[in-house]
Amino acid sequence: MKPDVFQAPDYYNIGDLLSEEHKLIRDSARDWVKREVSPIIEAYAQKAEFPKQIINGLASIGAFGAYIPEVYGGAGLDQISYGLIMQEIERGDSGVRSTASVQSSLVMYPIFTYGNEAQRKKYLPKLATGEWMGSFGLTEPNHGSNPAGMTTNFKDKGDYYLLNGAKMWISNAPFCDVAVVWAKDESGRIHGLLVERGMEGFSTPETHNKWSLRASSTGELIFDNVKVPKENLLPNKSGLGAPLGCLDSARYGIAWGAIGAATDCYDTALRYCKERIQFNKPIGQFQLQQKKLAEMITEITKAQLLAWRLGTLKNEGKATSAQISMAKRNNVEMALKIAREARQILGGMGISGEYSIMRHMMNLESVITYEGTHDIHLLITGLDITGFNAFK
Ligand code: TGC
Ligand code: FAD
């Protein structure tokens, strides 16, 4: 892969809206990605392996529990800082951002928000340093967009809960130390359970043959009569709203992350069009290539403003789930379209692993599907503005 010479576009001086602390956090994450992710990521994506050696570095830039209080090992930062960290990581690779999103928003967040003090103290410090890695099991083979239909269940056996069922498409599953698992009790109510590696009957086979998010490890969570200690149930919230609340946090991070992937594709295409000569001119002199680039920077700028405003609403505790859905949906589609256009600007070189564009493009095909598909987010907006539920 070519050396990383990325320069971040900021057409509307959105950087001026950030505090000095935000800029420091963004720049240290950006430097770390240049140093530790860019040189290795293409090789790991090609061999379909998560680069475990970057776990400590991810922890050091605050990627694990950015907004979790310091007393539990988190970085104690605000929501804009969390977004900026996700943006910079996904500039490197969506799969690496996935690992960080899951750890922060889907594992640490529910333990912090729905767990008791003993659970917070036991798990959060280890998750913040990356000593332990987590996964989040909501999706099942027959229940993806409709998690309310899940069949994974547990029975109260007096001293413990007996857990049975299976989850699929689970990021970090093959190497996780603890899984936040959503399952129904005997009355059909959904609860979160903390299932640890090593519990008898718990296995995590890896999912192979992915063309997307190849540098992220994906797998199943299988529960065959797993005896889960009663103290491993998250006590402070139950019902579908509990996992969906975690998704709000992860979807918010993705709205920022997608900007990172888009800016990497745009920056690569902009540089290439000034250097590549055809018909005795740089291809950037042709109007058709300028149209592509002008539209890209316009869409990136709109997405940056959306993410920043959403971040300020989140900091004030005012962001609604529907506002988060709109930003996730818009920004991921924006990034995917930009990746496709940027790939064309590079011609044949666009498909080569010498450049990051094709990897971003393939990754974004997962990002547009997970954490609620593009269509599900449209229906969430539709419900919010009309009051009519078109899911069912
Ligand atoms: P519905 O009846 O609408 O809601 C059930 C309860 O949940 C509440 N609620 C929410 N709470 C918090 N945040 C949200 N975003 C919420 N949306 C709904 C709601 O108020 C209600 O509460 P209560 O107290 O009245 O019971 O539920 P529904 O069954 O009709 O489903 C609605 C729908 C389709 C929007 C929802 O099921 C959905 O979002 N489906 C998409 C599933 C999804 O996103 N799965 C993601 C799996 S995790 C993942 O992909 C990780 S990838 C990680 C990575 O690698 O980065
Ligand atoms: P389906 O729900 O079967 O949807 C298929 C199509 O039907 C989609 O286009 C969808 O939009 C459409 N559709 C569904 N319902 C409706 C409707 N009511 N109206 C109109 N159209 C509809 N899950 C986790 O729990 N944890 C993870 O860590 C995780 N990581 C993932 C990592 C990767 C790489 C991938 C690909 C997925 C991951 N997922 C994870 C699962 C992801 O959240 C689901 O794939 C996603 O929610 C969609 O579910 P599905 O694949 O079953 O598609």
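Okay, housekeeping. Residues count from 1 along each chain as its sequence is written, and chains are lettered from A and ligands numbered from 1 in the order in which they are written. As the model is predicted, local features need pLDDT of at least 70 and side-chain atom pairs count only at pLDDT 80 or more, while totals for chains, interfaces and linings use all residues; side-chain values use heavy atoms, with hydrogens and water left out.

Now the overall picture. We've got 10 helices and nine strands, which are DSSP runs numbered from the N terminus (helices: H or I, at least four residues; strands: E, at least two). The C-alpha atoms fill a box of roughly 80 × 45 × 40 Å along the principal axes.

So, domains 1 and 3. On the domain 1 side 28 residues are in contact with 35 of domain 3, contact being heavy atoms within 4.5 Å. Together they bury about 2,400 Å², 60% of it on carbon and sulfur; that's accessible area (1.4 Å probe) lost on being put together, summed over both parts. I14, Q79 and I80 supply 22% of what domain 1 buries there, more than any other three residues.

What about charges? The rule finds three salt bridges across this interface, meaning a side-chain nitrogen of Lys or Arg within 4 Å of a carboxyl oxygen of Asp or Glu. Look at E42 and R359, whose side chains meet in a salt bridge at 3.1 Å, N to O.

And which helices do the touching? On the domain 1 side, α1 (20-46), α3 (79-92) and α4 (94-114) each supply at least two residues, and α3 gives the most, with 10.

Methods
Buried area is the accessible area (1.4 Å probe) that two parts lose on being put together, summed over both.
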